[in-house]
Amino acid sequence: MEACIVIKSLRQLVRHPTSLCSLIFRSLAELMGLFPSVLGKFRGDPPPMENMVGKSPEPEPELPPDMLSSIFALLEVPDLVRAGSVCSSWRSVYTALRSQLLKHKQRQTPCLLYHTSESAGENAACLYSLAEKRAYKLTLPDPPIRSRYLIGSSHGWLITSDERSELHLVNPITGEQIVLPSVITLEQVKPIFDDEGSVHKYELWKPRYTALAEFLRHGPSIYALNELRDHLYFKAYLFPDPQTGSYIVVLIHFPEYQISFARAGDCGWTFLPPGWNYQECIYKDGLLYAVTRTGAIDAFDLSGPTVTRRTVLGDMKNYICEHIYIVQAPWGDMLQVWREQLIVAGDADSENIKETSKIFVYKIDMAAKKLVEINGLHGHVLFLGHSQTQCLSVEEYPQLKANCVYFTDDDGFISSYQNSKRDIGVINLENDTREEIVPQIYCSWPNPTWITPSLRMMHSGLM
């Protein structure tokens, strides 16, 4: 009878891979007599007392390791971590799978990372799974996440700034953390030392290379260690670098939305003159494509000893008030996305906010050097926010809604709105209707951002 249950469950797994979590934890957990509320790292709940006294500490799994490994390889990361917390045998299969990352086949649905309550702890964050429509609690390494700014999110990693305005890569699933080159290696930042030789303030200089340089040129602004990040960082991205088998980090920063980048192991940031007013980047085949606020696109060749720049698309408008994004579509086209927002009055406890009202999607015609508006995304979705923009197929991510855009806050001065209602939701491109993803989040800091959970350690590569 038990064998029939297992066979039936496995048949369902093949037919309905998106129901893996409920099937494993309903069928297999019942089969093995396990407690159904084991959430491991995502909940941090203590084990039930009755499981600690007078009973065997863990049941023996009925399924062989090879079969468990095949099932685990198809799970989303939250489910996989939960499965690895069931017992030591399952943990062993989970650990082995992590060490053989190519076997973990399941594409990961983006999740929303946010913080809602100070009582949850300084190092705690919430991870809302779109696949399961539920939130998990994560514990992140020091420095506390509530003291950081989230500058970006790419390939399962957060790019954060601490209270000294220094940058770190953090994987919220594995807890791995990597210190990025110091902020004082940015061309626009100079340290100010105290009498003991320690950095205690920063100078932030205006740009040298923009068309407004002469107009803007004056003495530096002086900021405390924890204040510089408010006036320096806009967005950051982590990109795999196939040429080196490692990664690069790209930083869009003030003044004037300029770009600096660093490769793995670099001691400092490399500044990319002379462009300015950049809003987002993508990295492809050794080229960094950066889109400006007016829809122009510059391509930087980072593959050689000297960085070169060329303009591949001119200005599409004199000035664009919307947020603007660039993304590589699964079918091969490069897209520009314009996000229109309206100013909405806040309630008695919050400030006025921007609320997303309209999304425009354009195919970039490089040959004709123009934008072509496209009529929806059909079987695809977009993710917009203070993270790397993604365009995904609903065939591969069936939990998502086709022809929709999932969005979060994306303001360059997001720290100014720590107590405001958040602009988070889903907008349907066919009729512009909007719906909420999670209950409205107030007093949420750091700012909510999309992240695609990943178990990959940096030394194992990103792709």
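A residue is called buried when its relative accessible area is under 20%, exposed when over 50%, and partly exposed in between, using a 1.4 Å probe and protein chains only. By this rule, buried residues account for 52% of the 463 residues in the protein. The model is predicted, so local features need pLDDT of at least 70 and side-chain atom pairs count only at pLDDT 80 or more, while totals for chains, interfaces and linings use all residues. Residues are numbered from 1 along each chain as its sequence is written, and side-chain values use heavy atoms, with hydrogens and water left out.

The protein contains seven helices and 28 strands; these are DSSP runs, numbered from the N terminus, of H or I over at least four residues for helices and of E over at least two for strands.

Aromatic rings come next. Rings of Phe, Tyr and Trp (its six-membered ring) pair if their centres lie within 6.5 Å, and planes under 30 degrees apart count as stacked, over 60 as edge-to-face and the rest as tilted. Across the whole structure, 10 aromatic pairs are found. In one of them, the ring centres of Tyr278 and Phe300 are 6.0 Å apart with planes at 75°, so this pair is edge-to-face. Because Tyr278 belongs to strand β15 (residues 278-284) and Phe300 to strand β17 (residues 297-301), the pair ties together parts 22 residues apart in sequence. Tyr278 is buried, at 0% relative accessible area, and Phe300 is also buried, at 0%.

Elsewhere, one aromatic cluster is formed by Phe234, Phe254 and Tyr257. The face of Tyr257 also has Arg293 lying over it, 5.0 Å from the ring centre; a charge sits over a ring if NZ of Lys or CZ of Arg is within 6 Å of the ring centre and within 35 degrees of the ring normal.
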